[in-house]
Amino acid sequence: MRAAAIFGLGCSQKNLRPFQTDETIDWHIGMPAADAADIILIFGGDGTIHRHLNQLVKLGLPLLVVPAGSGNDFASALGLARVRDSLAAWRQFCATQDNVSAIDLGFVTPLAVAGGAPAPHGHYFCSVASVGLDAEVSRRAHTLPRWLRAHGGYALTLAPTIFRFAPVPVKILARDESGRWTAGSDKHTLLAAFANTSTYGGGMKIAPNARLDDGRLDICVIAGVNPFKLFCMFPTVYFGRHLTIRGVEFFQAAHIRVETETPLDVYADGEFVCQTPAEISLQPRALKVLTPRPEC
């Protein structure tokens, strides 16, 4: 078997050694060329995975995520919250190769503004895309030291940002099965999150019922909530209880369009992707992954 290992920030071949117990495996370091590997191991967090997703989808190889980043929400959604979970999945794959599953991914497509430059190409995301307050928090969190981001950096950045961020008009349109666009939300919005996994930001359950194989994005819109109430509401997000609070809307869709009066940053998996307007869609069974069991 041929295996490739990709290392994120702070990772090295030292992280790979526990996985190298079978001397018959031929290892390659870095993104492999087409037909040069049978499986890929990626060591890092959500941001590392995000930066490689387009190429990983193109290769179509099974992927094993080893959680080693400042945020590991995607790995947790796969049942790989700890390195030992990834080791268990690796050993099962080496023995039987029966723990590969195909999961959904999100996809952000920037839209060209009339009279503007052509829109850049789209990008896959594994966990959550967002606009509004959350995108601003992600931008500020990137200025923190990596160790602080891994230990509550998102929460530390959120607190001061809440009282500075003003709600903005955001229109969210959902496309139905006939291809028609219908209004999903159209109001002054603090935060709109488009979730493929239930958690992001280091464990916040923004979409408690989201699944990686249901063919839908879970969309959470927070509007009509004043900053003080939002600050008090914030801890409930870690338990998924915010969906019952007045001013929080939730719906599901496979394809949505986000429009704003002025361009807003779109972040996905904690990384900047583009600015609005943009379309965000669900790509079913786009990525093969290893889990500790046959289904994720």
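Predicted model: local features only at pLDDT ≥ 70, side-chain atom pairs only at ≥ 80, totals over all residues.
Two residues are in contact here when they have heavy atoms within 4.5 Å of each other.

- Ile280 is part of strand 15, which covers residues 278-290, and it counts as buried because its relative accessibility is 0%, where buried means under 20%.
- Once neighbours within four places in sequence are left aside, the contacts of Ile280 are Phe107, Val108, Phe125, Ala129, Phe194, Leu217, Ala254, His255, Ile256 and Val258.

**Ser130 and its surroundings**
- Ser130 belongs to strand 7, made up of residues 128-132, and it counts as buried because its relative accessibility is 2%.
- Leaving aside neighbours within four places in sequence, Ser130 is in contact with Ala135, Ala192, Ala193, Phe194, Asp265, Val266 and Tyr267.

**How the two residues relate**
- Although Ile280 and Ser130 are 150 residues apart along the chain, their C-alpha atoms are separated by 9.9 Å.
- Phe194 is listed among the contacts of Ile280 and also among those of Ser130.

**The second largest pocket**
- The lining of the second largest pocket consists of 12 residues, and those lying nearest its centre are Ala77, Ser198, Ala210, Arg211 and Leu212.
- By residue class, the lining of the second largest pocket divides into four nonpolar, five polar and three charged residues.

How values were computed
Residues numbered from 1 in each chain as written. Heavy atoms only, no water. 1 Å grid on protein atoms, 1.4 Å probe; cavity = no way out; pocket = protein on both sides within 12 Å on 5 of 7 lines; lining within 4 Å. Nonpolar A, V, L, I, M, F, W, Y, C, P; charged D, E, K, R; others polar. Helix = DSSP H or I, 4+ residues; strand = E, 2+ residues; numbered from the N terminus. Buried < 20%, exposed > 50% of the residue type's maximum accessible area, 1.4 Å probe, protein only.
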